Each structure stands twice: as C-alpha cells, then as structure tokens.
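Colleague: I would like to go through the terms used for this model and see what backs each of them. Please set each value against its definition.

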Amino acid sequence: MLLLPQIAMSETLFGGLLAAAFIFFTTRALGLSNFWAGILSGLLPFLAYLYYADQHWAGGDVMAIHFALYLANAGLLIVFGGMQRKQQTMHWGPRLIIGFFITLVLLNITFLSISTRGLPNWFTTMFLPNPDNEQVHTAFPGVIPHDRNQLYAPHLDQMEQQKQLGWQVSLTGIDKLKSKVPHTVFVHVLDAKKQPVQNAEVTLAFWRMANSFDDQKLVLKEAEPGVYQVNLELVAEGRWITELYIHKGEDDFVKRQSLYVDDH
C-alpha cells in the first residue's frame, strides 16, 4: 500500500480540480465521448481522494465537500464540452450564475486555507499589529470539546492542594517540539525539601484542539531519581493543550498549559 503524505484540504480540492480538467481534455482528445470524459473527470479524482482519506481521515463533512465539488466540476465540463462541440455560445445569464458559484468556491477554499495554515507571513508583517515583535499566529486554534470546560472548578481545588505540597515540577524539551519529528521530553520532580520524588506515576497528555482524533496520552518512565522521560511525536503543527499528571501515594499534581507547535 502506497503511503501518502498529509496535505492541506485546499490542496486536495485544487489538485482534484486540476486533475479533473486534465482527465477530461485528455480522454476527449483520445476519442472518448464528451459524457464519459466528464464522468471519468469526476470519478477518478474522487476515488483518489478516497484512497487518501483512508490514510488521513478528516471527517464525513470534508468528504462530502470533495464529492460535491468534483461532481459539480464534472457537470460543468460536460456542459462546456457539449457546447464547444456544437459551437454554441452561452447566454450571459447562465454565465453570471456559473461565475458566481466559481467565485464562491474559490473564496471558501481561500478561507479554509487561512483557517488551517494562517495568513502568509508577508501579509501579517505588513498589515497586522505586532508591538512585541513576536510571531503572529492567525490559524484557527479550534474549539474546546464540550466536556472539557467542566474541569475548571476541580482545577481550582487541585491548585490549592498543589500549593500545600510544595513540589517543584519542571517540563523540559517541550518548547522544541516539531510535528512528525520524534523528540524526548523530560519531567523533573522535587518535593518541598528539594529531594527527588521517586517511583511516581507520571503521564503527559496532548489535546489537539482542532481535531480530537490526534489526542494522545503518554506514560513517562523514570530515567533517574526524580527525572522522568518519554519519546513522543506530534502529528501536526498548531495549537495543543498539554496536561502533566503526577501521582505519588495520596498526592496528586496536575499542570496544564497551552502549546503552539510551529514547524517554521
């Protein structure tokens, strides 16, 4: 089975349309009828997307968008191809309607691209305010799952208990994470007397806010007294929420933080 790299949704849409146009005009030049050339121009790109989606599933709604766009494009090619052969010209009314829908599709693809990858750097540098001279992230960070907001109240009680514990916990290596690159993360745990906390249960969870299918929870192993480590690999750049959980005896320690993984 050929493994395909993960690409943006705008690339599968635009790539499918270009492939459809190539298939349509090539098969017609080879002598296939206008109707069947249009059918193949819609069917083959969609079958190719099904093969891609089997490896990088993005949801039924995304598949429906591809199906509708490829189907509409095939219909337009059949209409234009038939008129071209009959040497007919289209009335300005249908032309205006077709132009409207083409513009609508191009705008939707542009918005999808901005939501997944953000605005180009040259655009943000020129037009967006950046008083602290830091990198501006414009990609859509995603939404919080419905059941996650219920963790807020217990979190306040947990923070108060952690203050009484006096543990000193540091997480290193997490700021160097890149998507699809293996990396080692370390957790250093000291008690109130600055002694290593040994034989603790330590887990590190990553919540992908834009796609819960990417969530992962890892168990750290103790490499030396008070030092725990794990090898991990995140599947995509963008906004993540991390949760570090440490359990020793009757004591618990939880630390959550937002993390932005930038491959650039």
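Modeller: We can start with the second largest pocket, which has a volume of about 340 Å³.

Colleague: Where did the model come from, and what limits apply?

Modeller: The model is predicted: local features need pLDDT of at least 70, side-chain atom pairs count only at pLDDT 80 or more, and totals for chains, interfaces and linings use all residues. Residues are numbered from 1 along each chain as its sequence is written, and side-chain values use heavy atoms, with hydrogens and water left out.

Colleague: Which helices line the second largest pocket, and which gives the most?

Modeller: At least two lining residues come from each of α1 (9-29), α3 (60-86) and α4 (92-117). The most come from α4, with six residues. Helices here are DSSP runs of H or I with at least four residues, strands are runs of E with at least two, and both are numbered from the N terminus.

Colleague: How many of the lining residues are nonpolar, polar or charged?

Modeller: Twelve are nonpolar, one is polar and none is charged. Ala, Val, Leu, Ile, Met, Phe, Trp, Tyr, Cys and Pro count as nonpolar, Asp, Glu, Lys and Arg as charged, and the others, Gly among them, as polar.

Colleague: Why is N34 called buried?

Modeller: Buried means under 20% relative accessible area, exposed over 50%, and partly exposed in between (1.4 Å probe, protein chains only). N34 has 10% relative accessibility, so N34 counts as buried. Of the 264 residues of the chain, 32% are buried.

Colleague: What makes the pairing of N34 with I78 a polar contact?

Modeller: N34 is in helix α2 (residues 34-55), and a polar atom of its side chain lies 2.8 Å from the backbone oxygen of I78. A polar contact is a pair of N or O atoms within 3.5 Å; within protein, one must be able to donate a hydrogen and the other to accept it, and residues adjacent in sequence count only if both atoms are side-chain atoms. Likewise, the side chain of Q216, in strand β4, reaches the backbone oxygen of E233 at 3.4 Å.

Colleague: Which residues form the largest nonpolar core?

Modeller: The largest nonpolar core has 26 residues, and V187, F206, L232 and I246 have the most contacts inside it. Strands β1 (168-172), β2 (183-190), β3 (201-208), β4 (216-224), β5 (227-232), β6 (238-248) and β7 (251-261) each supply at least two of its residues. A second, separate core of twelve residues includes M9, L17, A53 and M63. A nonpolar core is a set of buried Ala, Val, Leu, Ile, Met, Phe, Trp, Tyr and Cys residues joined through side-chain atoms within 4.5 Å.

Colleague: What does L177 touch, and is L177 buried or exposed?

Modeller: L177 lies in the loop between β1 and β2 and is buried, because its relative accessible area is 4%. Contact means heavy atoms within 4.5 Å; leaving out residues up to four places away in sequence, L177 touches H183, V185, F206, L232, L234, L259 and V261. The C-alpha atoms of L177 and V261 are separated by 6.3 Å, although the two are 84 residues apart along the chain.

Note on methods:
1 Å grid on protein atoms, 1.4 Å probe; cavity = no way out; pocket = protein on both sides within 12 Å on 5 of 7 lines; lining within 4 Å. Points joined across faces, edges and corners; volume = space filled by probe spheres on them.
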